[in-house]
Amino acid sequence: RLAIRAAEKWLLERMTPETTDGLGAIFPPMVYIQVALQALGYPRDHPVIVEAERQLDRFIVEEDREPKHVRIQPCFSPVWDTGIALYALTEAGLTASNDPRLARTCDWLLAREVSHVGDWVRNLRPEDRPSRMGPGTHHGAWAFEYRNDWYPDVDDTAMVCKALWRASNARDEQRESRGRAAALRGVRWILAMQNDDGGWAAFDRTTHREWMEHVPFADHNAMQDPSCADITGRTIEALITCGIARDHPAIRRAVAYLKKEQRPQGCWWGRWGCNFLYGTWQAVGGLIAAGESPNAPYLQRTLAWLRSVRNSDGGFGESANSYLDETLMGRGTSTASQTAWGVTSLMYLTEPNDPAVERAISYLCETQLKKDAPPRPPTFLHDEPAGSWREEWFTGTGFPKVFYLRYHLYRHYFPVMAVARYLNLRQRR
């Protein structure tokens, strides 16, 4: 009885509307909380249950247009999408100074900085805990959703920090000061969250205990949150973008972690995107940002692997089945998002006029929808406007081997990011 009361108190503390849009702001715990509390005797008209139902109902999308349907989203991803979109637009030359839309975007992200001390603090080294940091300093972080103050994550924080840093501009000193100060708070939090193996995980500072994945109630074989190459690579790039030196001990430990995690083929496994194309793109980006030479033998293996998995149409694609069967790594129907990851990886390692780069960029240009695009295939839920891309496949990962996500903006901002980078590299030659 004492344990159940303690658990009930813990749950109620983590679902207050002031700190989160539902328990964890994501579908599974938002369902479980209703089951658990009703099992404890909470009636359906209890304010806590009413609020839990209201938050869960927000995920339901009802479409009256053809094909009429109802679907349920697993969560909202506004901070994630906004951070990546902002970064892509800075690659295309826009900043908060030269485009008022980006200024509003920066303000929106700044308003969603998380300063709440959540469960992540329990695993920090004593010297990294907020109470030990000294006056005038504190952590800042960002979550994935509109509001999830208990559980900000390293991936979103890294993405937002480097986007805010790039979007800030000295021509607007006040906004630059606010944006870069927030990014530096995020940097402090990220450095405190580095795991002992040199990598970073999403939500926690932790140690990988593989035996836990075999506990009967292991959440889709992902009960824990170990370091992964994709988050580690993005985090290295974010830290260096925000002024951390390449020879900083945290950067060198992270580089060593990535080298250790590389597969013999030259690629990296991707935890949060499908799959080896995603992991490789993020890992290589971090390694190049950290000063690793693209001519290093281990990165030349990466380049050879990327060339070997290109599709005949010039694009890249990978099925989520590569999590089940690694002979499928890097193999699948070309998609806009995965082609962007693949060609960006190539651009880290070779020249922009390399035939493989040129062909992949051509694929993105040729598949971009025009005003006279053919009718939407019946497998698509809605039409896309001219300038966008169609993408039928799921390229985001929730739980490997179990649950995958279609981020509807992946097929837009990643191609923009890749094509803009290509143009920038060509102009510098």
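A salt bridge is a side-chain nitrogen of Lys or Arg within 4 Å of a carboxyl oxygen of Asp or Glu. In this predicted model, the side chains of Glu292 and Arg252 meet that description, with N and O 3.2 Å apart. The pair joins distant parts of the chain: Glu292 lies in the loop between helix H10 (276-289) and helix H11 (297-308), whereas Arg252 belongs to helix H9 (residues 249-261), 40 residues apart. Glu292 has a relative accessible area of 13%, so it counts as buried, because buried means under 20%. Arg252, at 32%, is partly exposed.

Glu292 also forms a salt bridge with Lys259, and here the closest N and O atoms are 3.2 Å apart. This pair again links the loop between H10 and H11 to helix H9, across 33 residues. Lys259 is partly exposed, with a relative accessible area of 39%.

Another salt bridge connects Arg307 with Asp354, whose closest N and O atoms are 2.9 Å apart. Arg307 sits in helix H11 and Asp354 in the loop between H12 and helix H13 (355-367), and 47 residues separate the two. Asp354 is buried, at 11% relative accessible area, while Arg307 is partly exposed, at 35%.

Salt bridges also occur as a network, which links Lys9, Glu13, Arg14, Asp119 and Arg122. Over the whole structure, a search finds 28 salt bridges.

The chain as a whole comes next. Its secondary structure consists of 14 helices and four strands. One of the helices, H12 (residues 336-349), has 14 residues and reaches 20 Å from its first C-alpha to its last, close to the 20 Å expected at 1.5 Å a residue. Because 14 of the 14 residues of H12 are buried, this helix is largely enclosed by the rest of the structure.

Of the 429 residues of the chain, 52% count as buried. The radius of gyration is 22 Å, which agrees with the value near 22 Å for a compact globule of 429 residues. Along its principal axes, the C-alpha trace spans about 65 × 55 × 50 Å. Among contacts with a separation of 6 or more, 65% are between residues 24 or more positions apart.

A nonpolar patch on the surface is formed by Ile26, Phe27, Ile60, Val70 and Ile72, with about 410 Å² of accessible area together. Ile60 is in strand S1 (residues 60-63) and, at 35% relative accessibility, counts as partly exposed.

Methods:
Residues numbered from 1 in each chain as written. Predicted model: local features only at pLDDT ≥ 70, side-chain atom pairs only at ≥ 80, totals over all residues. Heavy atoms only, no water. Patch = residues over 30% accessible without salt bridge, like charges linked within 9 Å, V, L, I, M, F, W, Y side chains within 5 Å. Areas by Shrake-Rupley, 256 points an atom, 1.4 Å probe, with all protein chains shown as cover. Buried < 20%, exposed > 50% of the residue type's maximum accessible area, 1.4 Å probe, protein only. Rg over C-alpha atoms; globule rule 2.2 N^0.38 Å. Contact = heavy atoms within 4.5 Å. Expected span 1.5 Å × (residues − 1).
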